[in-house]
Amino acid sequence: MPQIPEKIHELTVGQLSARSGAAVSALRFYESKGLIRSSRTPGNQRRYTRDTLRRVAFVRAAQRVGIPLATIREALAQLPEERTPTREDWARLSEAWRSELDERIKQLNRLRDHLTDCIGCGCLSLANCVLSNPDDEFGERRTGSRLMSS
């Protein structure tokens with residue numbers, strides 16, 4: 001991993017990419033979504049403060065566990081003066097996300113448990129398929145696959 005001398009307080013997008021492991025396109029995307037900020041040089045080049053490395057690490061860790069970017073942005077916006085998240089911030093936010101993750105795990109386990117049945121029948125009928133119609137949400141209103149085209 002490339003080292004950045006301590007005397008350098010601003011990083012180019014290439015340096016931030018190399019240090020964080022995030023693609024330049026991802027960093028630009030994060031910036032467009034309000035997750036990180038940059039300043040501009042007189043030549044209109046992006047510059048990031050060193051603490052952006054921690055923000056990017058925070059975003060990527062949250063993404064890896066399945067937290068949507070909108071939820072991550074909301075969490076970062078709650079920090080005082082949009083400061084860089086600390087270990088304590090991560091602990092507090094990850095605890096708040098636990099129930100959402102538990103629900104996703106439950107859904108994934110259900111999909112895993114029923115996947116073989118679905119492949120076995122091959123119908124993908126919205127009337128009774130546990131993958132296309134979990135908990136038979138549409139069964140009371142209509143039957144058949146015509147719901148897929150509407």
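These legends go with a set of close-up views of one predicted protein chain.

In this predicted model, local features need pLDDT of at least 70 and side-chain atom pairs count only at pLDDT 80 or more, while totals for chains, interfaces and linings use all residues. Residues are numbered from 1 along each chain as its sequence is written, and side-chain values use heavy atoms, with hydrogens and water left out.

View 1. The protein chain has six helices and three strands, where helices (H or I, at least four residues) and strands (E, at least two) are DSSP runs numbered from the N terminus. Going along the sequence, the pattern reads β-α-α-β-β-α-α-α-α. Of the 150 residues, 25% are buried; buried means under 20% relative accessible area, exposed over 50%, and partly exposed in between (1.4 Å probe, protein chains only). Take the contacts between residues at least 6 apart in sequence: 49% of them join residues at least 24 apart, with contact meaning heavy atoms within 4.5 Å.

**View 2. Helix H1 against helix H2.** H1 (residues 13-20) and H2 (residues 24-32) pack at an angle of about 105°, their axes 9 Å apart. That makes H1 roughly perpendicular to H2. For the record, axes are lines fitted to C-alpha atoms, for helices over the stretch in contact, and angles run from 0 to 180 degrees between N-to-C directions; under 35 degrees counts as roughly parallel, over 145 as roughly antiparallel, 65 to 115 as roughly perpendicular, and the rest as oblique. From H1 come Val-13, Leu-16, Ser-17 and Ser-20, which meet Val-24, Leu-27 and Arg-28 of H2. By class, this contact has four nonpolar, two polar and one charged residues (Ala, Val, Leu, Ile, Met, Phe, Trp, Tyr, Cys and Pro count as nonpolar, Asp, Glu, Lys and Arg as charged, and the others, Gly among them, as polar).

View 3. Ser-17 lies in helix H1 and is buried, with a relative accessible area of 16%. Setting aside neighbours within four places in sequence, Ser-17 is in contact with Ala-22, Ala-23, Val-24 and Leu-27.

View 4. Leu-27, Tyr-30 and Glu-31 are the buried residues here. Seen down the axis of H2, they fall within an arc of 100°, so they line one face of the helix; the arc is that of the directions from the helix axis to the C-beta atoms. Their cover includes H1, strand S3 (46-49), helix H3 (52-64) and H4. Over on the other side of H2, Ser-25 and Ser-32 are exposed.

View 5. Gly-34 follows H2 and has a positive phi, near 80°. Gly-34 sits in the loop between H2 and strand S2 (39-40), and at 42% relative accessibility it counts as partly exposed. Arg-73 is 39 residues from Gly-34 in sequence, yet 6.8 Å away in space, C-alpha to C-alpha.

**View 6. The buried face of helix H4.** In H4 (residues 69-77), Leu-69, Ile-72, Ala-75 and Leu-76 are buried. Looking down the axis of H4, these buried residues fall within an arc of 120°, so they line one face of the helix.

View 7. The chain's mean pLDDT is 79, with 70% of its residues reaching 70 or more; pLDDT is the predictor's confidence in each residue, from 0 to 100. Among the elements, H2 has the highest mean pLDDT (95) and helix H6 (residues 146-149) the lowest (46). Over residues 145-150 pLDDT stays under 50, and the model has six contacts for them beyond four places in sequence. Where pLDDT is low, the predicted coordinates should not be read in detail.
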